[in-house]
Amino acid sequence: MTGELTKKDIVYTQTLPNGAVLVVLGVPALCAEDDEEDFCAFEPEVAERLEQLIAAVAATHPAPGEVRQVRYSEDPEALKPRVDLELRVRGRGMNLGDIPVNVLEKVLESAARAYRIAANAIAKKRGGSAPPPPRVAFLTSGSVVLGLRGEATQPLFGEDLGQMALDLILKGVEWAEQGVPPEEDPEVAVAALESARELAFSREALVELTRFHKDKTPSRTVITPELATKSSERIKEVAERTKQNRVHVFEGVLDVIKLDRQAHLKDLTLKPQDYPGQTLTFAYPEELLPDLLNAFGKKVRVVVEEERSPEGSLFSAIEVEAASDEE
């Protein structure tokens, strides 16, 4: 080999982990013409594009031994299965092949909780039942990338509660950064902020959300570890604006659940600044009973609405979640 490299388009072949074969046509490369081993190299942007194409085709779950042919010029995003929301986690130890099982489990649980909080809030306001949890359409390599959709068949979430819940999660990210508009419903605003906070689950990771819309350009946003603190501050702001019916967040150990829809927290580690006690008694709606039973004896985060009257304050649970180990 003389060291002279010539630009030309080549055919690139890659065997995927499951044994399927990807053939990429028209890949720009730098090749040594007189090298017996047909040595070729790729410029950094070409190598990155190949990585994207490989991940996109892998996301379609080709069968073992199947040969899939694409052109280098094709858009990797267009090759992936259609989804409503793509969640990409970047950070130390967040690559498939390296990520511990418990961390991957935490990613999935955070995504599920964020959706459930938003969906329940939307359903409550519209007087309907919350839509079913989203499905994982693909899980690709590189960073941990989840493609979420509502059902196995089209339409995905449809145009109702599920789509609104996904939009509310992105609203929560926006409101955590910029503040909640004063005209927003306090319960919906708190749910949005809580759902966004769920996705700020690690101090070591960035979470990128890409929301896909029908006939619209995808919208993207980034959740940083600092967003958890910002969301908590915004929740306090919402509570301050809601005078008679105020929204609060408490954390403590759930030690009592009564069938008359009363429950109790002890050893409070998070409470409003003007709340004097170390315990909290609150009412809960029937739909929260399964979550309460699962969390019995554990530290939980409870979002409550306070109703003030001359006789005192009554607290009613809006959302119950296991408390995060990280603050």
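**Exercise 1.** Work out whether Arg-261 is buried or exposed, or partly exposed, from its relative accessibility, and state in which loop Arg-261 lies.

*Solution.* The relative accessibility of Arg-261 is 40%, and because buried means under 20% relative accessible area, exposed over 50% and partly exposed in between (1.4 Å probe, protein chains only), Arg-261 counts as partly exposed. The model is a predicted one, in which local features need pLDDT of at least 70 and side-chain atom pairs count only at pLDDT 80 or more, while totals for chains, interfaces and linings use all residues. Residues are numbered from 1 along each chain as its sequence is written, and side-chain values use heavy atoms, without hydrogens and water. As for its place, Arg-261 belongs to the loop between β10 and β11, where helices (H or I, at least four residues) and strands (E, at least two) are DSSP runs numbered from the N terminus.

**Exercise 2.** Find the phi values of Arg-261 and Asp-267, and say where Asp-267 is found.

*Solution.* Begin with the general rule that most residues other than glycine have a negative phi. Arg-261, although not a glycine, has a positive phi of about 70°. Asp-267 is not a glycine either, and its phi is positive at about 50°. This aspartate sits in strand β11, and with a relative accessible area of 49% Asp-267 is partly exposed.

**Exercise 3.** Describe the surroundings of His-264 by naming its strand, its polar partner and the residues that it touches.

*Solution.* First, His-264 lies in strand β11, which covers residues 262-270, and its relative accessible area of 18% makes it buried. Next, its side chain is joined to that of Asp-255 by a polar contact of 2.8 Å; such a contact is a pair of N or O atoms within 3.5 Å, one able to donate a hydrogen and the other to accept it. Finally, once residues up to four places away in sequence are set aside, the residues in contact with His-264 (heavy atoms within 4.5 Å) include Val-253, Val-256, Thr-279 and Phe-282.

**Exercise 4.** Identify which members of the largest nonpolar core touch the most other members, and which elements supply at least two residues each.

*Solution.* A nonpolar core is a set of buried Ala, Val, Leu, Ile, Met, Phe, Trp, Tyr and Cys residues joined through side-chain atoms within 4.5 Å. The largest one has 45 residues, and Leu-87, Val-89, Leu-209 and Ile-223 touch the most other members. At least two residues each come from β5, α3, α4, α5, β8, α6 and β10. Apart from this core lies another, of 18 residues, among them Tyr-275 and Val-320.
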